[in-house]
Amino acid sequence: MTEQRLPSWADPAVSPAALDAQGVSRRQLLRRAGLFGAAFTLGGVAAATPAGAAAGQGFGGEDPRLAYLVGDHHVHSVYSHDAKYTFSQQARAAARYGLDWMVFNEHSNFGHASFGAALEHEEILKARAENPRQLIFQGLEWYIPAAEHGTVFAAPGPHEVDLLTRFELAYDGKLLGYTEGAAGAADTARNEAHAVKAIQWLAEQRRTGYVDDVLVLANHPLRLGIDSPHEMRSWRDAAPEIMIGMEGAPGAQGAAIPGWRGATSIRGEYENKPSAQSHAGYPADAYVTYGGFDWATATVGGLWDSMLAEGRLFSVTTNSDNHRTVFDTWKNGDWAAGQNFDTTGKLPDPVRTDAPQPGSDFWPGQFSRTHVGVTRYGYRAVMTGLREGRVWLDHGHLLDGLEVRLRREHSNGRGVTLGGRLRVRKGEKLTLDITVTTASRPNPQGILPELAHVDVIRGAVRGAVSDRDTWRAPDTGVAHTTDVSGRKGTYTLRVPLTVGDESFYVRLRGSDGNRHGTGYLGASVDPHGPIPHEPGNGDPWSDTWFYSNPVFVDVVS
């Protein structure tokens, strides 16, 4: 390993004044949005948006004005057996990098269920009281039976920690030994069915009011190739209001910084090969990242698009998955005699050293950011925004802002936004308004990001698939690209769309333009998409992208 200089941003032990000066995301957001007024209650819990409010009922459809809160749903602390940092270190770092909300989703195991979850909850309650400007969720990283991991988190309330521990003990694949997922294996069908039952159980807890809200997202879905398309569809179908999507890009984005971890390292730690547990229908190319994004998301016409082409929302996110930050100088503390994680549910606090320690991750908000559109500030408002798909994501602080509206041509209304639906008639002309606010200051690496292009990806909606293991959407492709190199400040791109016979959706993507090539399914589908980096040579700061959730267009007669 070559010697690396410790960057100035790598140490989270900064003063409260410094944190307040740097954590300006929300204040900037609100000044720019100018929309909350008296309805904006700092620290309040917003009521959930009524069902169907974002669905564009009737012709036209008008979604509310939104502000965007920045967050991360995948953060670990000493309450995870394989992490390192204290709760306060992670929370301070998140504030430093401008996060408005975050989820601590500690790994499930018996030590966590017996001791750690309750101990962590005490810290979370204290942190919420001391800093109401930061929304801190408690969650769980679920070992999905027969599959990969998932984030499970609930709205604050008297039963949030009880819900998580009951769920952990009853439905976690690792704790139950329900890990087998190979095609044709004796336990696979039982294990897959148990994952569906788990999501249905969470839905029941929300329906009965035991908790105000709960959400699930699939984590790093193609890292091992064990989340098959039929499993992902089954999770979604079990309770689409609970299982809302997947990580479009994994954490561990610092894994392939040149000279850091080794010559075979890949961004996201996607360094695996197919195994007996992997879905046989995935190509070998699916096991690496493309521009830092999971193959399922990054492939135009691929798995994500095949799910959207059914006409049903399935969101994507990004996050840090922070366990061990690149270049930081802390190491795990030593256990006291006779103690271990199973008997305590908490690692010893870390100890500072004089040298950078091994790690692949960035601090929450330092590199990966998920932006959620809300009408009010609060825990349930964030969860409602995620559920309704008002989501876009970026790496490297590529953009300061993105606002997307789809409306009828010449309409003066707001139209519908990300995750929404617009009902139209055949032959109508639509306008897609894409308002970009470019990066206004250097990112944590000291680079002022510059957006080079914006791509509009369009796909036909064909309804439910007959083969639930399909990962192809043959009628999806890049429909329009705008070169925005050199443009600064806030500007709006107006892209005309014509309605044909079929319902369809559109989603957005863009990058700094530093690294791209022919997309995985060919130039006719994606002429300049993200591509894998060479092993060991994946500087994440020089290959940054943004993605948005889709907007659906329902064509009616």
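The dialogue below walks through some features of a predicted model.

Visitor: What should I know before reading any values?

Guide: This is a predicted model, in which local features need pLDDT of at least 70, side-chain atom pairs count only at pLDDT 80 or more, and totals for chains, interfaces and linings use all residues. Residues are numbered from 1 along each chain as its sequence is written, and side-chain values use heavy atoms, with hydrogens and water left out.

Visitor: How many salt bridges does a search of the whole structure find?

Guide: A salt bridge is a side-chain nitrogen of Lys or Arg within 4 Å of a carboxyl oxygen of Asp or Glu. The search of the whole structure gives 30 salt bridges. One of these joins the side chains of Glu-310 and Arg-233, at 2.6 Å from N to O. Glu-310 sits in the loop between α10 (303–308) and β7 (315–318) and Arg-233 in helix α8 (residues 229–238), so the pair ties together parts 77 residues apart in sequence. Helices (H or I, at least four residues) and strands (E, at least two) are DSSP runs, numbered from the N terminus.

Visitor: Are Glu-310 and Arg-233 buried or exposed?

Guide: Buried means under 20% relative accessible area, exposed over 50%, and partly exposed in between, with a 1.4 Å probe and protein chains only. Both Glu-310 and Arg-233 are buried. In another salt bridge, the side chains of Lys-346 and Asp-349 meet at 2.9 Å, N to O. Lys-346 is partly exposed, at a relative accessible area of 24%, and Asp-349 is partly exposed at 43%.

Visitor: Which residue forms a salt bridge with Arg-462?

Guide: The partner is Glu-502, with the closest N and O atoms 2.3 Å apart. This pair links distant parts of the chain, 40 residues apart: Arg-462 is in the loop between β15 (453–460) and β16 (476–483), and Glu-502 is in the loop between β17 (490–498) and β18 (504–511). Glu-502 is partly exposed, with a relative accessible area of 36%. Salt bridges can also share partners, and in this way Arg-233, Arg-236, Asp-237, Glu-310, Arg-312 and Arg-468 are joined into one network.

Visitor: Which strands run parallel to β6?

Guide: Two strands pair if DSSP finds at least two bridges between them. Strand β5 (residues 214–218) pairs with β6 in the parallel sense over 3 bridges, and Val-216 stands opposite Met-243 in β6. From β5 the chain crosses through α8 to β6, and this β-α-β crossover is right-handed. That term applies if, with the strands pointing away from the viewer, the path from the first strand over the helix to the second runs clockwise. β6 and β7 also run parallel, joined by 4 bridges, and Gly-245 stands opposite Ser-315 in β7. Strand β6 (residues 243–249) is mostly covered, with 7 of its 7 residues buried.

Visitor: Where is Thr-370 found, and which backbone oxygen lies 2.6 Å from a polar atom of its side chain?

Guide: A polar contact is a pair of N or O atoms within 3.5 Å; within protein, one must be able to donate a hydrogen and the other to accept it, and residues adjacent in sequence count only if both atoms are side-chain atoms. Thr-370 is found in strand β10 and is buried, with a relative accessible area of 0%. The backbone oxygen in question belongs to Thr-318. Gln-366, in the loop between β9 and β10, is buried at 0% relative accessibility, and its side chain reaches the backbone nitrogen of Trp-363 at 2.9 Å.

Visitor: Which residues touch the most other members of the largest nonpolar core?

Guide: In soluble globular proteins, nonpolar side chains tend to be buried together. A nonpolar core is a set of buried Ala, Val, Leu, Ile, Met, Phe, Trp, Tyr and Cys residues joined through side-chain atoms within 4.5 Å. The largest core has 74 residues, and Trp-101, Trp-142, Phe-167, Leu-202, Trp-235 and Leu-386 touch the most other members. Helix α7 (residues 188–207) gives the largest share of this core, 7 residues. A second, separate core of 32 residues includes Leu-398, Val-456, Val-484 and Val-495.

Visitor: How many residues of helix α12 are buried?

Guide: In helix α12 (residues 379–387), 8 of the 9 residues are buried, so the helix is largely enclosed by the rest of the structure. Among the buried residues are Tyr-379, Leu-386 and Arg-387.
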